[in-house]
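Hi everyone, and thanks for coming.

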Amino acid sequence: PEVKKFVAWDYVVFAALFLVSASIGVFFAVKERKKKTSKEFLVGGKQMTCGPIAFSLTTSFMSAVTVLGTPSEVYRYGASFVLFFLSYALVIVFTAELFLPVFYRSGITSTYEYLELRFNKIVRLAATLIYILQTILYTGIVVYAPSLALNQDFSNDLVFFGFAVTGFDLWGSVAATGIVCTFYCTLGGLKAVVWTDAFQMIVMVAGFLTVLIRGTSLNGGSTKVWEDAHEGSRLNIFDFDTDPLRRHTIWTIVIGGTFTWLGIYGVNQSTIQRCISCKSEKHAKLALYLNLLGLWTVLACAVFCGLVMYSHYKSCDPWTADFISAPDQLMPYFVMDIFSSMPGVPGLFVACAFSGTLSTVAASINALATVTFEDLVKKGFPNLSEKMSTWISKGLCVLYGVLCTSMAAAASLMGGVVQASLSIHGMCGGPMLGIFTLGIVFPCANWKGALGGLLAGITLAFWAGTGSFIYPAPPTKSIPLQLSTLNCTLANGTAALTTAAPTAAPERPLLADTWYSLSYLYFSAIGCLGCAIIGLLISYITGPTKGEDIPPVLIKPVCNLLFFWSERLKTLLWCGVQHDSLEIDFEKKLPKVTANKAFKNSINKETHCQISGYNPEEKSYTN
């Protein structure tokens, strides 16, 4: 079938997105030109409100992978993906109530500063390096994936979204993404990133709604779409099978999905940097809960788009019929199909897909610059002037912009490894979640346990992840639902699809059908639990940390919630941490250390000095 090409209006709409994004960077560069401190640049001077931060958080984690991948996932496997709304809710509650208060009150700029305050420099450095490598690799793939999907061939004409498949088109869109993100990050800092994200969130939802409305009307209305989805077994959402090898069940999505998202959300520099840029802890929490509504909105749009797409192609699947070369191209193909007579609308959808990418890349560049400056540059050069610090921060934005865009070129050579690389993001996120949980929840954990746990968690997660890539799970665990090509005019003109001759199954090791076949959503859980358990064991063997030596602001007393009826039990489980010396001012949400002589004497003066936000004269923690 003939694929329609982009017309002038599509290019105008698409180009407008890049233009507005770049303009926001210029606006904040001019507006904030007199505020030249690195803190103003990296965390917006801690004056941001909850609204734009909520938009920004949503857009940052809903990249083109969501816009292109989730509808395709629902189309092929059914709507069980919608259960992620439970995972998102749990993730936001844990982030807002467990991790955020500790980070916000500590007055830190980089989440890895916390690891030095709680453990030592070695733990901080190890976590920082893992984060930098993980984020550069992930961001490169996020830049490359939509550019590839939007530039692949649909048919023998090698035309997709009106872009002929030439080096310039694919690498032109990769370069444009990298350049625009680096431009507005470097000029405007965090404020530019946040406000651009808010704009991109509106574009993304507008793109989804346009597709939903048009697609539903063409396929006989929402009732008909629902009936088609039901007949095609796309609405079998609640699968209570406890088998951990099954790709998606309610348990893998709710439990495994929570660990996965908490690993790349709850302790991720990109999220926490936005939250601590809020003017108060109340605003930061509110931003997270508002962002949950955004996550649910995008998820609902993506799932319904998948169902509408199934209704449209239920008797002629473009992927099975070889009209497209990868499932991720289903959504763009569908858009060009239903909007062929409406110039400008396909351009809006391409802008929608690229919005997710721009925001993710911008968030990563800004977070990488912050982590490198706070954890590496300031440690090596502690006496830098504010002007020099700001210039170095901007230079780091440019450096990471180039590195992330270059990594897209490496991603192009990986072939099938792209999916594995996305899994690496989860595999690194699990052990990171484990090490922060050790620090915040378990006062007895020491630095040897934290470092040993981090290494053990990464080893376990990569062992399971790499094994699953080499030896994929048997088809019975993840087989897609049935797709039909009954009413297709096939690309090669033949009446039926030819079936390849069966080949002998390759020999699989003993672990291939057990450990290596675990659902990919459990990789993060394996890394987190492995890190926490091994970390606690090593801590007890080498001598646990004394609670009296830990500033209470660095520990979240979870036992207060679990054992609220017994003061004696709560105090016992504090492990010596002097939580009763804290009086929380609930208005300002800032902890203040009261005059407790035993507590003051037990804390080394040096620890006080190194805690960002500690005022030795007032003996209080402020931001």
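**A walk through the model**

Let's begin with helix α13, residues 330-338, which is mostly covered: eight of its nine residues are buried. Buried here means under 20% relative accessible area, while exposed means over 50% and partly exposed is in between, using a 1.4 Å probe and protein chains only. Helices (H or I, at least four residues) and strands (E, at least two) are DSSP runs, numbered from the N terminus. The buried residues of α13 are Leu-330, Met-331, Pro-332, Tyr-333, Phe-334, Val-335, Met-336 and Ile-338.

Before going on, a word on where this comes from. This is a predicted model, in which local features need pLDDT of at least 70 and side-chain atom pairs count only at pLDDT 80 or more, while totals for chains, interfaces and linings use all residues. Residues are numbered from 1 along each chain as its sequence is written, and side-chain values use heavy atoms, with hydrogens and water left out.

Now the overall picture. The protein has 23 helices and six strands. Of its 623 residues, 56% are buried. Contact, by the way, means heavy atoms within 4.5 Å. Among the contacts with a separation of 6 or more, 84% are between residues 24 or more positions apart.

Another covered helix is α3, residues 50-60: nine of its 11 residues are buried, so α3 is largely enclosed by the rest of the structure. Its buried residues include Cys-50, Pro-52, Ile-53 and Leu-57. Thr-59 is also on that list, and its C-alpha atom is 9.7 Å from that of Thr-196, 137 residues away along the chain. Thr-196 is found in helix α8, residues 167-218, and is buried, with a relative accessible area of 0%.

Next, the cores. A nonpolar core is a set of buried Ala, Val, Leu, Ile, Met, Phe, Trp, Tyr and Cys residues joined through side-chain atoms within 4.5 Å. How many residues does the largest one have? It has 144, and those with the most contacts inside it are Phe-99, Tyr-114, Leu-115, Phe-208, Val-211, Tyr-265 and Phe-436. Helix α14, residues 345-380, supplies the largest share of this core, 17 residues. Take Tyr-265: leaving out residues up to four places away in sequence, its contacts include Leu-57, Phe-61, Val-91 and Leu-295.

There is also a second, separate core of nine residues, among them Met-427, Ala-464, Phe-523 and Ile-526. Ala-464 lies in helix α17 and counts as buried, at 0% relative accessibility. Its contacts, apart from neighbours within four places in sequence, are Trp-515, Tyr-516, Phe-523 and Ile-526. Phe-523 is 59 residues from Ala-464 in sequence, yet 6.9 Å in space, C-alpha to C-alpha.

That takes us to a helix pair. Two packed helices are described by the angle between their axes and the distance between the axes. For α17 (residues 447-470) and α19 (residues 523-542), the axes come within 7 Å and cross at roughly 150 degrees. Axes are lines fitted to C-alpha atoms, for helices over the stretch in contact, and angles run from 0 to 180 degrees between N-to-C directions. The two helices are therefore roughly antiparallel. For that wording, angles under 35 degrees count as roughly parallel, over 145 as roughly antiparallel, 65 to 115 as roughly perpendicular and the rest as oblique. Among the residues that meet are Gly-449, Gly-453 and Gly-457 in α17, and Gly-527, Gly-530 and Gly-535 in α19. By class, the residues of this contact are 10 nonpolar, 11 polar and one charged. Here Ala, Val, Leu, Ile, Met, Phe, Trp, Tyr, Cys and Pro count as nonpolar, Asp, Glu, Lys and Arg as charged, and the others, Gly among them, as polar.

A second pair is α9 (residues 222-231) with α12 (residues 281-313): their axes come within 9 Å and cross at roughly 80 degrees. That makes α9 roughly perpendicular to α12. This contact has seven nonpolar, one polar and one charged residues.

Last, two loop residues. Ser-233, in the loop between α9 and α10, has a positive phi of about 60 degrees although it is not a glycine. Asp-322, in the loop between α12 and α13, has a positive phi near 70 degrees and is likewise a residue other than glycine. Are they buried or exposed? Ser-233 counts as partly exposed, at 31% relative accessibility, and Asp-322 as exposed, at 54%.
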